[in-house]
Amino acid sequence: MKKIVLSLFCSIMLLLANAQKKVSDITIVYDAVINTGTAEPKLADAFDGATTTVYLKGSLSRSEMTSALANFTTIHDSRTGAAVVLQEIGGQKLLIRMTADDWKDKNRKYEGITFTPTDETKQLAGYKCRKAVAKMKDGGTFTVYYTDEIVPENNDYNSQFANLKGLPLEYELIQGKLTIRYVVSQVSLNPVPVAKFDIPKSGYRELSYEESKKGRKGGGG
């Protein structure tokens with residue numbers, strides 16, 4: 001009887017392992033689709049044709065948003081909680097260092113976020129994805145399609161999805177009056193070079209997180 005129970009247990013664990021694959025290294029490329037009226041056409045143009053590439057390797061993550069007018073890169077280490085943000089706008093290059101507390105402050109709006117799965121599904125990049133509705137503590141909502149077939153070992157790379165039980169392959173991001181929908185175009189499980197997470201030693205004007213916040217307030221942002 002014990003052998004039968006053990007065999008059954010092993011079979012169940014094998015099925016679960018095959019159904020969900022935890023990965024240390026992964027690269028995801030998203031295309032941005034803008035949903036807007038005519039209220040902010042210039043802001044929409046800034047994101048037109050933008051792509052976001054996310055690189056994960058263990059506790060390290062690098063997220064690059066590239067558009068015609070600006071480039072933003074965030075490098076984060078989930079072990080220490082520290083991060084660096086690189087901004088290139090109109091020839092100006094800024095490097096903003098963030099402590100673990102700064103990172104928490106920047107992503108405070110996502111604290112306590114909940115995801116409610118629905119029965120709606122779709123295929124994205126060859127993976128079966130389920131639709132979920134996210135609700136933030138301020139009452140705001142957005143939708144996400146995620147797969148549980150591959151799950152990053154590092155689920156702290158994006159605070160927006162820290163509580164999501166899977167990998168987001170299509171999701172919404174609200175910027176002011178714009179809704180930006182990110183749709184996956186490529187997923188790669190090839191090893192990510194460690195050099196991807198190197199922080200530039202020159203070529204950027206360095207700011208603290210507090211200085212960058214004052215700059216945004218001064219600019220009306």
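**Entry 1: the network.** I found Asp105, Arg108, Glu111, Lys137 and Lys213 linked in a network of salt bridges. For a salt bridge I required a side-chain nitrogen of Lys or Arg within 4 Å of a carboxyl oxygen of Asp or Glu. By that rule I count 11 salt bridges.

**Entry 2: ground rules.** I am reading a predicted model, in which local features need pLDDT of at least 70 and side-chain atom pairs count only at pLDDT 80 or more, while totals for chains, interfaces and linings use all residues. Residues are numbered from 1 along each chain as its sequence is written, and side-chain values use heavy atoms, with hydrogens and water left out.

**Entry 3: Asp105 and Lys213.** I looked up this salt bridge and noted 3.2 Å from N to O. Asp105 sits in helix α3 (residues 100-106) and Lys213 in helix α4 (residues 209-218), so the pair ties together parts 108 residues apart in sequence. Helices here are DSSP runs of H or I with at least four residues, strands are runs of E with at least two, and both are numbered from the N terminus. For accessibility I used buried for under 20% relative accessible area, exposed for over 50% and partly exposed in between, with a 1.4 Å probe and protein chains only. Asp105 is partly exposed at 28%, whereas Lys213 is buried at 19%.

**Entry 4: Glu111 and Lys137.** Their side chains meet in a salt bridge of 3.6 Å, N to O. Glu111 is partly exposed at 36%; Lys137 is exposed at 54%.

**Entry 5: Asp77 and Arg79.** In this salt bridge the closest N and O atoms are 3.5 Å apart. Is Asp77 buried or exposed? Asp77 is buried, at 15% relative accessibility, while Arg79 is exposed at 66%.

**Entry 6: the sheet.** I traced an open sheet of 12 strands with mixed pairing, in the order β8-β9-β10-β12-β13-β2-β3-β4-β5-β6-β7-β14. Its edge strands, β8 and β14 (205-208), each pair on one side only. Two strands pair if DSSP finds at least two bridges between them. β9 and β10 run antiparallel and are joined by 6 bridges. I also noted Lys131 opposite Tyr145 in β10.
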